[in-house]
Amino acid sequence: MDCKKAERFLLRSYDTALEPEEKKRLQGHLEGCPSCRRKDREYREILGHLRPDFIPEPLPYFRERLLARIREKDKAAPALFGLKWAHRAVLFFLAVQILFGVGLLLTPREKTRELSRAERLFLQNENPLTETASLLNQQRAEDKNMMLIFASLDDRNGGRR
Amino acid sequence: MDERELIRRSQQGDGEAFGVLIERFKGKVFSLAYGFTQDRTAADDLAQEVFIKAYFSLPRFKARSEFGTWLYRIAVNHAKDFLRKNRSRQKDISIDEIGENRLAAGEKSQEDLRSVEERRATVLAAVERLPEKYRVVLTLRDIEGMSYEDIARILDLSPGTVDSRLHRARQKLRQRLTTSLNRQGGDDGL
Ligand SMILES: [Zn+2]
């Protein structure tokens, strides 16, 4: 058995009894190895210091102080029972929101309808006679003719004004 | 009253039932907190915080794990927070107080005790400086005396990992202590 294995057995021996065979091998190694004997002494001292000689009691009125603190916090927070259902309610609300959102996305949308000329004029608050008037008001005959040609082209292309 | 019934009632906000659970578990939770803090007032405060956290987390407690294990898990997590916040805190170890108790029992001379307490303080200070994962497992095993299986359940590790981590923790502790304890001398010739 080498020192590394001896140390592993040594450390395990502080927690649980080794198998008789393992114990014998460890003993044999320790007898011939001053370094591992020293490690054994050191580990035993350290572990001895770690195990407390005594553990004090909690400070007086532990339960009373604790329950008072809980009551105080309970007043600020919703009652436990309410809390239990509150988080379920939140989850339910979120699920409904998500379903609603998904529903909206999946519903086929109505195609945007082209407005009729009359609706366009009405919505844009325009008087159709203003344009005609402006054409007729032109002083020069060639200007009047050019504008009438452009206006008729516009209408033939179905273009918007 | 049966523990399950106490938990069920506590989950519905029954303070009396939770009071019974406090009485049943306060010793263990306080001892665990003391193992980490080595200070009575700090341990008391830590133990109170653990129970408060447990009370308000009870609606999420499932009976799949044991209540004790669940509670100690909360305690360890709180202790870790405490250790992170108090990393540089120096402990006040009352050598005289402990010494008088032992003297009354007629064990050792005042001087011997002072030396023992100094060495103990050195060991505990070295534990404080261990990396957190080693410190936690060492505290649960070597200060609290918990079994490997309980530690594994609380820390959610396999017993094999607990074993190797504890092995490593003890090795590190010994390496760090060898020099300082040798300097202090002592009966055991460390
Ligand atoms: Zn050896």
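This is a predicted model: local features need pLDDT of at least 70, side-chain atom pairs count only at pLDDT 80 or more; totals for chains, interfaces and linings use all residues.
The coordinating atoms are SG of A:Cys3, NE2 of A:His29, SG of A:Cys33 and SG of A:Cys36, at 2.1 to 2.3 Å.

The arrangement is tetrahedral because the angles subtended by the four donor atoms around the zinc ion are 99 to 115°. A:Cys3 counts as partly exposed, since its relative accessibility is 33%, whereas A:His29, at 13% relative accessibility, counts as buried.

## Nonpolar core

The largest nonpolar core has 75 residues, of which A:Leu50, B:Phe18, B:Phe51, B:Phe67, B:Leu140 and B:Leu173 touch the most other members. Helix H2 (residues 15-37) of chain B gives the most to this core, contributing 11 residues.

Leaving aside residues up to four places away in sequence, the contacts of A:Leu50 include B:Val123, B:Leu124, B:Val127, B:Leu138, B:Ile143 and B:Leu173, and among them are also B:Arg120 and B:Asp142.

## Interface between the chains

Chain B brings 50 residues to the contact and chain A brings 37 residues, and between them the two chains bury about 4500 Å², 63% of it on carbon and sulfur atoms. Within chain B, the residues that lose the most area to chain A are B:Gln48, B:Phe56 and B:Arg174, which together account for 15% of what that side buries.

Nine salt bridges are counted between chain B and chain A; a salt bridge also joins the side chains of B:Asp44 and A:Arg65, at 2.9 Å from N to O.

Key. Residues are numbered from 1 along each chain as its sequence is written. Chains are lettered from A and ligands numbered from 1 in the order in which they are written. Side-chain values use heavy atoms; hydrogens and water are left out. Donors are N, O and S atoms within 2.8 Å of the metal (3.2 Å for Na, K and Ca); water is not among the atoms, so sites may look incomplete. Four donors count as tetrahedral if all angles lie between 85 and 135 degrees; four count as square planar and six as octahedral if opposite donors are over 155 degrees apart and all others between 65 and 115; anything else is irregular. Buried means under 20% relative accessible area, exposed over 50%, partly exposed in between (1.4 Å probe, protein chains only). A nonpolar core is a set of buried Ala, Val, Leu, Ile, Met, Phe, Trp, Tyr and Cys residues joined through side-chain atoms within 4.5 Å. Helices (H or I, at least four residues) and strands (E, at least two) are DSSP runs, numbered from the N terminus. Contact means heavy atoms within 4.5 Å. Buried area is the accessible area (1.4 Å probe) that two parts lose on being put together, summed over both. A salt bridge is a side-chain nitrogen of Lys or Arg within 4 Å of a carboxyl oxygen of Asp or Glu.
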